Amino acid sequence: MHRLEEIWLALSAGILVVFMVIVGYQGFALGMGPPSNMDTVDPQKVDETEPFDEPGVYKRGENQYEVIMTLQAFSFNPGDIEVPAGAEVTFTMTSKDVTHGFQIAGTNVNAMVMPGHIQKITHTFDEPGSYLVLCNEYCGTGHQLMSTEITVK
Amino acid sequence: MAKPLRDIIYDDPKKMFGLNQEDARIAKSYLSVAFITLLIGGILGLLQGLQRAGLMELPAWLNYYQVLTAHGILLILIFTAAFTIGYLYSGFSHTIGGLLPKVRKLAWTGFGLILIGVVLVVATILANEASVLYTFYPPMAASPVFYIGLVFIVLGIWANCFGVFINYNHWRKNHKGQVTPLFAFFTMGVFVLWFFGSLGVTYEVLTLIPWSLGWKETINVMVSRTLFWSFGHTLVNIWYVVASSAWYVALPKIVGGRLFSDKLARVVVILLVILNIPGGFHHQIIDPGITETVKFLHVFMSVSIAFPSLMTAFAMFAVLERAGRRHGGRGLFGWFKKLPWGDVRFLAPMIAMIAFIPGGAGGLINTSNQINQVIHNTLWVVGHFHITVGVSVVLTFFGICYWLIPFISKRKLTLQMNKLGIIQTITWTVGMILMSGSQHLVGLLGDPRRTSYTTYGDHETALSWIPYEYVMGIGATLLLLGVIIQVYAVFNMMFFAPKGETEFPIGESEDDESPTPLWTERWSLWIILMLMVVAMAYVIPIVDFVVNGPPGSPPIKTW
């Protein structure tokens, strides 16, 4: 092997290893890993199963909220959510029909919501304003209409 | 008595293909299908681009998601598959001295099967019975005819896989102690990946057929999705191996240089074959039901694919620099100017390779765990695969046409055609910079992919995306212009260009290169290693989905 090639490949491999170390450190030590909740639910009995029998916004602590949310073509339930600035909100979600995506534009909130699986993602809303929530996985003919808003006051 | 095939292959391998009109006919048929598909897919692409920007309304009988499904399947599956088979079968036949008659039969069988499949799939999409997009995630259920069509397409591709396996082994049996020609080695790598990479999705489709017919009540959504991506991303890397076959084998000859290293090229193919299939998991980084530990393992597996690509980057620049210096280039960068920029056979793949630098970097971003959350399912991803597939792969394919098609049709590349090719390459490059560039930017702002024109009730965030979508529309317009020029060039060179002999460029090794070791030919070992890597990647999550999974989902039609 050529000397320069050896240097190039050693550097390349080194960068990839450093990259993996950083990704691993952020994911496991700093708790920044991607949404990966493991709980399940019968997708045909979502309405009868706790906690999804009563979707809504629940206060869980000092400026901490949990939103129990169901997604179905083509809406989020509950919609038009209001929380105070600085609130830490955990979204607990499942789908009642097909695969949906839950994205809050302008934040890092982005998670797949699949039938049969309960997905969780947490975000702290520091900046007041109107946040656009949209479905980012194609879910049918009205997919482009599936959106709602989170108002942070 | 005629000489036995083996002797002909030995004496004058290059003659075989030129003489052999039957192999040329296979290649021409596949390439014709490829470029007709490209034209239709390109028109659909423009319709989407304009609809998405709100510049055009589609008629009631053809909605955005039908167009998107057809655009995806036609271009991602049919165009690339038909081009790959046409191109690799010609080069394979050329380098090993002609296809065996039974292999030709397999290629024609495959051709018929793929056509039947395409007709079934396109008819269901047009009837609005399969607006499920290229990924057809259940529990969204298309008409069973759609899935049956997909099975035909896969069977057609498999027929071609078996053809290559048979001919490859036949050649090796008759050439004991020799390594296969480099081009044939690439061909083998592509078809091995194609066969093993499509096993998972084939199983998925076979479970979807009884489910969509109502014979089976529910389907395991996560298993289906995972099996799909085991194929979905492997396919991407199949194209990449196809494109790099031209970079490694043909490009050195075109620039008047030599191969960098025959052995290194083979090691790259072997690594891509072994490492590829788990790469698809990074499409599921923000899925529920997969632990963070398993995801981290898959981030590592995806990232490892970057390594052979970095080897390729080194090799390509080495080839180009040596060739440039051989032609009198001096100083640190003087060689760069000495490259044949006015030759479309060089310009197109060169831009393709340059595009792979941002494309590959974008790929690393997509695969990197928490950063994936920022761009997942936004237009960033669409921008990413339009720069990788749309430029790195497709522009290489376009460049290949300018020597491959005159070669198989015994015609010449004229100066005017070369000029048209340069115009085509520039049109395509500018179109892609505009489209893919604006998609990357607006994706970072959150604009979702796979969504028809919407302002989300005039929400200010969504309104801020519209200007970028206009730029996408302009890019798409240039791209369709590029498609039209390319399709014209292809059929002109196939049927109307002046008769003559054109060379199939095959780079030669440097004079002092040591012979390639025979161990590179141990395909059974590479396949076993590949299956081990696949097992490491998939056994734990799939068992988990099945054992700990929720009750399944019934078929649902939401369009």
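Colleague: What conventions apply to the numbering and to the confidence of the model?

Modeller: Residues are numbered from 1 along each chain as its sequence is written, and chains are lettered from A, with ligands numbered from 1, in the order of writing. The model is predicted, so local features need pLDDT of at least 70 and side-chain atom pairs count only at pLDDT 80 or more, whereas totals for chains, interfaces and linings use all residues.

Colleague: What makes α6(B) oblique to α7(B)?

Modeller: The axes of helix α6 (residues 144-174) of chain B and helix α7 (residues 182-197) of chain B cross at roughly 140 degrees and come within 9 Å. Axes are lines fitted to C-alpha atoms, for helices over the stretch in contact, and angles run from 0 to 180 degrees between N-to-C directions. Angles under 35 degrees count as roughly parallel, over 145 as roughly antiparallel, 65 to 115 as roughly perpendicular and the rest as oblique; therefore α6(B) is oblique to α7(B). Helices here are DSSP runs of H or I with at least four residues, strands are runs of E with at least two, and both are numbered from the N terminus.

Colleague: Which residues of α6(B) and α7(B) make the contact, and how do they divide by type?

Modeller: Contact requires C-beta atoms, placed from the backbone, within 7 Å. The residues include Trp158(B) and Phe165(B) of α6(B), with Met188(B) and Phe191(B) among those of α7(B). The contact divides into 11 nonpolar, two polar and no charged residues. In this scheme Ala, Val, Leu, Ile, Met, Phe, Trp, Tyr, Cys and Pro are nonpolar, Asp, Glu, Lys and Arg are charged, and the others, Gly among them, are polar.

Colleague: How do the two chains meet, and which element of chain A gives the most?

Modeller: In chain A, 54 residues are in contact with 52 residues of chain B. On the side of chain A that touches chain B, α1(A) gives the most, with 12 residues. That side divides into 26 nonpolar, 24 polar and four charged residues.

Colleague: Why is Arg450(B) called buried?

Modeller: A residue is buried if 20 or more other C-beta atoms lie within 10 Å of its own, exposed if 12 or fewer, and partly exposed in between, with C-beta atoms placed from the backbone. Arg450(B) has 22 other C-beta atoms within 10 Å and is therefore buried. This residue lies in the loop between α17 (415-444) and α18 (460-463) of chain B, and its phi is positive, near 50 degrees, although it is not glycine.

Colleague: Are Asn128(B) and Val471(B) buried or partly exposed, and what makes them so?

Modeller: Asn128(B) has 16 other C-beta atoms within 10 Å and is therefore partly exposed. Val471(B), with 18 C-beta neighbours inside 10 Å, also counts as partly exposed. Asn128(B) is in the loop between α5 and α6 of chain B and has a positive phi of about 60 degrees. Val471(B) belongs to helix α19 (residues 466-495) of chain B and touches Leu434(B) and Ser438(B), residues up to four places away in sequence not being counted.

Colleague: Which peptide bonds of chain A are cis, and what are their omega values?

Modeller: Among them are the bond from Glu50(A) to Pro51(A), with omega near -5 degrees, and the bond joining Ala73(A) and Phe74(A), with omega about 0 degrees. Most peptide bonds are trans. Pro51(A) is in the loop between α1 and β1 (56-61) of chain A, and Phe74(A) is in the loop between β2 (64-72) and β3 (75-77) of chain A.
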